[in-house]
Amino acid sequence: SASFIPTLDYSLFGTENEPQLIDSLMKAFQDIGFAYVKNHNIDLDLVTHCFKNGEEFFKLPREIKQKYRKHYKSDINGYNDGEMLQKTAGADAKEVFNVSMACEDDRWPSELPGFEESTKRLMSQSTTFVKELLLMFGKGLELENESAFLDGISKVDTVDNETHLRYAYYPPVEKLLENQYRCGPHVDYGLLTFLFTNDIPGLQVLSREGKFMDVNPGSGCLLLNIGEMLQRWSGGRLVAATHQVVLPAEYYNRPRYAIVHFTEPDTGLIIGPITGDKEKYKTVNGMKQIWGRVQYQGTENPRQGDEIIDRV
């Protein structure tokens, strides 16, 4: 329903009413795990331009896209068309192109002038936004060190952090295979995720009542959710919600595009609960845990890659 996901008014950030924004942020992420954000500081004209980037990239011939293929499982940057988030009838029906802040020069598509420059600008604005959010989460949870989460991405501009922007393309299909999703049901593995999407529906979030609910951000809104790693770090006080992308029958022949920003902890950072339930959530090497999940996604036991570190 329209009211299922709350809308946060980001124009309150940095004003005397910021505590009101933090309260709304807490309520959304202690209860539902998703929120729409309006009046954010990310340039919407730039977002529109980047959607064109994505469309142009995915229209390139397959052999050109393959030049930018990521070295799967070991590399965050590049093109991929074989992701699988659940053990279903095949890979999810999508193509993606990922870039991190320290993306290698040979990963940027030289066929598309301006692609690199505009993408880097969007990444820079996105990074500012997530830094503000992580600090507000720290304040809202009244952490002893309010900047604890923010400090966890101190290397975001370097090769020691895999925070990345993703261009996603869900091609039109004649019909889906049985049990095939545009993107299977999953919880994000990292700290924070936010996205912009075109007007083709399909994203659904699992409610507390166990029902998948349709989600459609309004014009200019972005959709924000948290990942498993921030849930762990907050000892379960913040909720990572399960979501999926399905294909409504009336949109079979329409492509769906999204721009997604994934915030990951610095490589090597050890993450355990600093508040909340300190027994339920174990301490882990954040990125090793995430890499393990990625490596085993789509298998019978996606948690076999988990790395648990016994507390000293």
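## Briefing: cores, a buried strand and model confidence

The protein averages a pLDDT of 85, and 83% of the residues score at least 70; pLDDT is the predictor's confidence in each residue, from 0 to 100. This is a predicted model, in which local features need pLDDT of at least 70 and side-chain atom pairs count only at pLDDT 80 or more, while totals for chains, interfaces and linings use all residues. Residues are numbered from 1 along each chain as its sequence is written, and side-chain values use heavy atoms, with hydrogens and water left out.

**Confidence along the chain**

- Helix α5 (residues 148-151) has the highest confidence, at 98, and helix α7 (residues 286-296) the lowest, at a mean of 74. Helices (H or I, at least four residues) and strands (E, at least two) are DSSP runs, numbered from the N terminus.
- Please take care with residues 84-91, where pLDDT stays under 50 and the model has 28 contacts beyond four places in sequence; contact means heavy atoms within 4.5 Å.
- Residues 308-312 also have a pLDDT below 50, with twelve contacts in the model beyond near neighbours in sequence.

**Nonpolar cores**

- The largest nonpolar core holds 63 residues, and F137 and L230 touch the most other members. Such a core is a set of buried Ala, Val, Leu, Ile, Met, Phe, Trp, Tyr and Cys residues joined through side-chain atoms within 4.5 Å; buried means under 20% relative accessible area, exposed over 50%, and partly exposed in between (1.4 Å probe, protein chains only).
- Helix α4 (residues 115-140) gives the largest share of this core, nine residues.
- Beyond residues up to four places away in sequence, F137 touches L25, M26, F29, F149, L192, I226, L230 and L238.
- F149 lies in helix α5 and counts as buried because its relative accessibility is 0%.
- Contacts of F149 beyond four places in sequence include L134, F137, L230 and W233. The C-alpha atoms of F149 and L134 are 5.6 Å apart, although 15 residues separate the two along the chain.
- In soluble globular proteins, nonpolar side chains tend to be buried together.

**Helix α1**

- The 14 residues of helix α1 (residues 18-31) should span 20 Å at 1.5 Å a residue, which agrees with the 20 Å between its end C-alpha atoms; the expected span is 1.5 Å times one less than the number of residues.
- Buried in α1 are E18, L21, I22, L25, M26, A28 and F29, and the buried residues of this helix pack against β1 (7-9), β2 (34-38), α4 and β10 (222-226).
- Just after α1, G33 has a positive phi of about 95°.

**Strand β12**

- Eight of the eight residues of β12 (residues 256-263) are buried, so the strand is largely enclosed by the rest of the structure.
- R256, A258, V260 and F262 point one way from β12, while Y257, I259, H261 and T263 point the other way.
- Strand β5 (residues 164-170) pairs with β12 in the antiparallel sense over seven bridges, and Y169 has Y257 as its bridge partner in β12. Strands pair if DSSP finds at least two bridges between them.
- Strand β7 (residues 192-197) also runs antiparallel to β12, joined by six bridges, with L192 partnered by T263.

**Polar contacts of D81**

- D81 sits in the loop between β3 (78-80) and β4 (95-100).
- The side chain of D81 makes a polar contact with the side chain of R62 at 2.8 Å, and another of 3.0 Å joins the side chains of D81 and R69. A polar contact is a pair of N or O atoms within 3.5 Å; within protein, one must be able to donate a hydrogen and the other to accept it, and residues adjacent in sequence count only if both atoms are side-chain atoms.
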